[in-house]
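I opened this model to look up a few things. My notes follow in the order in which I took them.

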There are 2 protein chains.
Amino acid sequence: MLRLSKLTDYAVVVLARLEAEGGLQTAPGLAAATGIAEPTVAKVLKHLAHGGLVEGVRGARGGYRLARPLAAMLLSDVICAIDGPIALTACVDGASGCCETEAICAVRGRWDKVNEAIRNALSDITLADLAPPSAPSCRRPTLPAQPAHLPAE
Amino acid sequence: MLRLSKLTDYAVVVLARLEAEGGLQTAPGLAAATGIAEPTVAKVLKHLAHGGLVEGVRGARGGYRLARPLAAMLLSDVICAIDGPIALTACVDGASGCCETEAICAVRGRWDKVNEAIRNALSDITLADLAPPSAPSCRRPTLPAQPAHLPAE
DNA sequence: CCGAAAGCGGACAAGACTGGTCCGATTTGA
DNA sequence: TCAAATCGGACCAGTCTTGTCCGCTTTCGG
């Protein structure tokens, strides 16, 4: 239940990797580092860039960079960037005409409270809560020295 | 995102109807009252009975009855009964072997906190919060007098 | 000035999953 | 004994997500 799309899961992993390195990283490089297929990583990055969570640098020496530190990214931001707005049911915000039983439906508009509760719970968690201690062996964020494409160090 | 299954939505509607009447009601009767197809209602009722939220009375004069008042039913109970346990990702509770990148994955086990937050938010809402004022014109729960199969009263 | 590298954007096919339906078996009241 | 209704399962169709690929644009290096 409450199926979070796998893309969102990937997004968190990629963002964590992005923060662990701290510099500009290419999609293929991130794919190798995370073990996710390259096209999929590219797709995730595209969505994240659209949502303003990462910045894409085009051109030969391009790549992706975090737009904000993970501590300033809410989990709900990531979810919205990947999966769209947070809503458990189609009947949100009093949208009419979506279900044919709306004249009978006894719970019309009541889900809003649930959505708000979920959204609130998700906004209480930053990506920093999901990533930090698992970063490989205390990497210095200010030192983008080692490429470190292989995570098994 | 956070797609709640439509079956769960139906379950809430059916449960609200069940409480509005207060007595023993048949699946076809509930279907007519809610506007949901009968087989679907039957399926929802089956799941709810499995979850212990409603009691099924077999036999000729059978039907379904609420096991508890809606105020004592948590939304998470309904979701668990219909959609299974609440978990946003497959990687919950430290299950290993589910994803091939678990050796690399930097966020292993971190989703548990998110799941708990969601579960907590959902456990704060009872079905009584989703249903009550929309019940058709102040029906007395102690009076199962009128069959009232048609909701357009 | 030109070629290579990398992001950007969309489209597209395959697979998984949910939604919805149906059938037989069982139980119970009339 | 018959009818009504639940129970339990299997089944099929539709939809959605997932994952991939292609061509275009942009920019750096030679």
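Ground rules. This is a predicted model, in which local features need pLDDT of at least 70 and side-chain atom pairs count only at pLDDT 80 or more, while totals for chains, interfaces and linings use all residues. Residues are numbered from 1 along each chain as its sequence is written, and chains are lettered from A and ligands numbered from 1 in the order in which they are written.

**Entry 1: DNA strand D.** Which element gives the largest share of the surface near DNA strand D? I found helix 3 of chain B, with four residues. Two or more residues each come from helix 1 (6-21) and helix 3 of chain A, and from helix 3 and strand 2 (63-66) of chain B. I sorted by class: Ala, Val, Leu, Ile, Met, Phe, Trp, Tyr, Cys and Pro are nonpolar, Asp, Glu, Lys and Arg charged, and the others, Gly among them, polar. The surface near DNA strand D has nine nonpolar, nine polar and six charged residues.

**Entry 2: DNA strand C.** Here I counted 23 surrounding residues. The closest are A:G56, B:S5, B:K6, B:A37 and B:G59. Helix 3 (38-50) and strand 2 (63-66) of chain A each supply at least two residues, as do helix 1 (6-21) and helix 3 (38-50) of chain B. The classes are nine nonpolar, eight polar and six charged.

**Entry 3: chain A.** I read the pattern as α-α-α-β-β-α-α, with five helices and two strands. Of its 153 residues, 39% are buried (20 or more other C-beta atoms within 10 Å of the residue's own; exposed is 12 or fewer, partly exposed in between; C-beta atoms are placed from the backbone).

**Entry 4: the core.** I took a nonpolar core as buried Ala, Val, Leu, Ile, Met, Phe, Trp, Tyr and Cys residues joined through C-beta atoms within 7 Å. The largest one has 74 residues. A:A11, A:V14, A:V78, B:A11, B:V14 and B:V78 have the most contacts inside it. Contact means C-beta atoms, placed from the backbone, within 7 Å. Leaving out residues up to four places away in sequence, B:A11 touches B:V44, B:L48, B:V78 and B:I82.

**Entry 5: helix 4 of chain B.** I list B:L75, B:S76, B:V78, B:I79, B:A81 and B:I82 as buried in this helix. They pack against helix 5 (111-123) of chain A and against helix 1, helix 3 and helix 5 of chain B. After the helix, B:G84 has a positive phi, near 90°.

**Entry 6: helix 2 of chain B.** Which residues of helix 2 (residues 27-34) of chain B are buried? I found B:A27, B:L30, B:A31, B:A33 and B:T34. B:G35, just after the helix, takes a positive phi of about 85°.

**Entry 7: B:G52.** Buried or exposed? I noted B:G52 as exposed, with 11 other C-beta atoms within 10 Å. B:G52 sits in the loop between helix 3 and strand 1 (54-57) of chain B.

Notes. Near = placed C-beta within 6 Å. Contact = placed C-beta atoms within 7 Å.
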